[in-house]
Amino acid sequence: MKYFIALLVTLTIWTGEVAAETVSVKYIGSISLDSYDCQKTQSSFLHRACYNRTASSLVLLLKNTYYQFCGVSQAVYTGLINSESKGKYFNRSIKGRFDCS
């Protein structure tokens, strides 16, 4: 069994296949995060931030729910990641400004 698992891991690495990550986003549905750069945060409010620079799309895990924001600039995303208080930055600079319609 040990050899079978090692072989399976080796084949997975060799073929380069990685399972795509898909999340369920409130009000939107399922989206793939394959083209997003995702970072976990040390915030009690914002647990994960995923940004797609090409699409200017931001997906945030707020508490236990994913939300998507559209038309978000790289500067706003960088400001969020670098902010001392993610919740305050979100409320001041993102909430209500980047709805996807």
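Colleague: Is leucine 62 buried or exposed?
Modeller: Leucine 62 counts as buried, because its relative accessibility is 9% and the cut-off for buried is under 20%. Bear in mind that this is a predicted model.

Colleague: Which strand is leucine 62 in?
Modeller: Strand β5, which covers residues 57-62.

Colleague: And what does leucine 62 contact, leaving aside neighbours within four places in sequence?
Modeller: Phe45, Leu46, Tyr67 and Phe90. For leucine 46, the C-alpha atom is separated from that of leucine 62 by 4.7 Å, with the two residues 16 apart along the chain.

Colleague: How do β5 and β6 pair?
Modeller: In the antiparallel sense, over six bridges, with β6 spanning residues 65-70. Leucine 61 of the pair stands opposite tyrosine 66 in β6.

Colleague: How many residues sit between β5 and β6?
Modeller: Two, and the strands form a hairpin. Lysine 63, in the turn, has a positive phi of about 60°.

Colleague: Changing topic, where is asparagine 52?
Modeller: In strand β4, residues 46-52.

Colleague: Buried or exposed, asparagine 52?
Modeller: Asparagine 52 is buried, since its relative accessibility is 9%.

Colleague: What polar contact does its side chain make with another side chain?
Modeller: The asparagine 52 side chain makes one with the side chain of serine 35, at 2.8 Å. The asparagine 52 side chain also reaches the backbone nitrogen of threonine 54, at 3.0 Å.

Colleague: Which residues does asparagine 52 touch, not counting those up to four places away in sequence?
Modeller: Ser35, Tyr36 and Ser57.

Terms used. Residues are numbered from 1 along each chain as its sequence is written. This is a predicted model: local features need pLDDT of at least 70, side-chain atom pairs count only at pLDDT 80 or more; totals for chains, interfaces and linings use all residues. Side-chain values use heavy atoms; hydrogens and water are left out. Helices (H or I, at least four residues) and strands (E, at least two) are DSSP runs, numbered from the N terminus. Buried means under 20% relative accessible area, exposed over 50%, partly exposed in between (1.4 Å probe, protein chains only). Contact means heavy atoms within 4.5 Å. Two strands pair if DSSP finds at least two bridges between them. A polar contact is a pair of N or O atoms within 3.5 Å; within protein, one must be able to donate a hydrogen and the other to accept it, and residues adjacent in sequence count only if both atoms are side-chain atoms.
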